[in-house]
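This report covers selected local features of one protein model. It takes up a helix, a strand and a set of aromatic rings in turn.

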Amino acid sequence: MSTIILGHRTSAPIIVAPTSSHQLAHPEGEVATARGAAACNVIMGVAFTSTCTMEEVASSCKAVRFIQTFAFKREITANMVQRAERNGFRAIILTVDTPRLGRKEAVIKNKMIAPPFKNFEGLISTEVVSDKGSNVEAYAAETLDPSFCWKDIAWLKSITKLPILIKGVLTGEDATKAIEAGVAGIIVSNHGARQLDYTPATISVLDEVVHAVQGKVPVLFDGGIRRGTDIFKALALGAKAVLIGRPVIYGLAAKGETGVKQVIEMLKNELEQTMALAGCCTVDDITRSHVFTETERFLCRM
């Protein structure tokens with residue numbers, strides 16, 4: 001099941017997705033998650049909106065780490081890049097589907113107060129402000145750059161030697177533009193369907209993106225992975241690896257670092273079982289012929 005992602009060999013085509021505020025799930029937060037990822041020899045994605053600093057995560061274990069950032073204002077992004085390079089992060093995941101925050105009605109209704117995002121200390125005020133309900137939108141308004149566009153990727157490349165993965169691509173057209181912009185990889189993602197209502201399921205657009213990329217850069221897949229069979233399907237459709245978000249948080253909430261390890265190992269075991277029963281000795285043996293899309297299934301019935 002081992003594979004190589006941006007030059008880093010991992011035990012399986014699995015990356016822990018960068019998700020925010022792990023301390024809402026467990027007191028040790030992203031540190032426990034990173035240790036679990038390291039124990040399973042998979043890549044750890046760390047969100048800049050984490051509740052542990054990137055320095056704390058970096059010093060906690062020897063996991064291969066990718067840092068995730070949004071389309072932040074340039075002074076914030078530049079600070080993040082410098083710290084990431086200094087602390088041994090190996091790539092940047094640039095989330096581009098959030099020029100502004102989506103309408104998160106549960107957050108508004110529950111007046112959610114996000115814990116302080118420690119990575120912003122010294123850049124903006126991290127004090128919780130709750131007089132108008134949720135403070136999540138206030139964070140977004142102060143940090144995001146709504147004018148962010150393709151040319152800003154050239155700027156980001158100019159200030160770092162780290163490879164850049166662009167996250168939030170859902171069309172072949174954007175995949176082509178991303179390659180032209182010089183990214184090192186593409187992550188097909190709809191932000192967990194939390195940004196825009198009625199956005200397509202990522203599995204339904206993976207084929208289109210892979211076709212547009214034509215093998216020029218690796219395509220990674222994010223969204224809806226719950227079983228090893230889901231990983232198998234994504235790989236068959238052309239993904240190099242998958243990102244795992246919610247299941248890792250569930251494991252973290254249940255048992256901390258041990259829970260994270262159990263979730264990852266469960267997925268690895270299910271993938272191995274699926275590969276064995278499908279006659280695939282390695283992940284490279286998983287091909288497009290192993291899956292049907294809904295369109296193909298419909299055409300077969302005609």
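Helix 8 (residues 202-213) has 12 residues, and from its first C-alpha to its last it reaches 16 Å, close to the 16 Å expected at 1.5 Å a residue. The expected span is 1.5 Å times one less than the number of residues in the helix. Helices (H or I, at least four residues) and strands (E, at least two) are DSSP runs, numbered from the N terminus. The model is predicted: local features need pLDDT of at least 70, side-chain atom pairs count only at pLDDT 80 or more, and totals for chains, interfaces and linings use all residues. Residues are numbered from 1 along each chain as its sequence is written, and side-chain values use heavy atoms, with hydrogens and water left out.

**Helix 8**

Thr202, Val205, Leu206, Val209, Ala212 and Val213 are the buried residues named in helix 8. Because they cover an arc of only 135° around the axis, they lie on the same side of helix 8. The arc is that of the directions from the helix axis to the C-beta atoms. Ser204 and His211, on the other side of helix 8, are exposed. Buried means under 20% relative accessible area, exposed over 50%, and partly exposed in between (1.4 Å probe, protein chains only). The cover over the buried residues of helix 8 includes strand 7 (164-169), helix 7 (172-181), strand 8 (185-188), strand 9 and helix 9. Contact here means heavy atoms within 4.5 Å. After helix 8 comes Gln214, with a positive phi near 55°.

**Strand 10**

In strand 10 (residues 241-244), Ala241 and Leu243 point one way, Val242 and Ile244 point the other way, and all are buried. Strand 10 runs parallel to strand 3 (residues 14-16), and three bridges join them; Ile14 stands opposite Val242 in strand 10. Strand 9 (residues 219-222) also pairs with strand 10 in the parallel sense, over three bridges. Two strands pair if DSSP finds at least two bridges between them. Asp222 stands opposite Leu243 in strand 10. From strand 9 the chain passes through helix 9 (residues 228-236) to strand 10, a right-handed β-α-β crossover. Right-handed means that, with the strands pointing away from the viewer, the path from the first strand over the helix to the second runs clockwise.

**Aromatic rings**

The whole structure holds five aromatic pairs. Rings of Phe, Tyr and Trp (its six-membered ring) pair if their centres lie within 6.5 Å; planes under 30 degrees apart count as stacked, over 60 as edge-to-face and the rest as tilted. Two of the pairs are listed here.

| Pair | Centre distance | Plane angle | Class |
|---|---|---|---|
| Phe70 and Phe72 | 5.7 Å | 75° | edge-to-face |
| Phe72 and Phe120 | 5.5 Å | 90° | edge-to-face |

Phe70 is buried at 13% relative accessible area, Phe72 at 3% and Phe120 at 2%. Ring pairs join Phe48, Phe70, Phe72, Phe117 and Phe120 into a cluster.

**Thr53**

Thr53 lies in the loop between strand 4 (43-47) and helix 2 (54-60), and is buried with a relative accessible area of 13%. Leaving aside residues up to four places away in sequence, Thr53 touches Arg83, Lys118 and Asn119.
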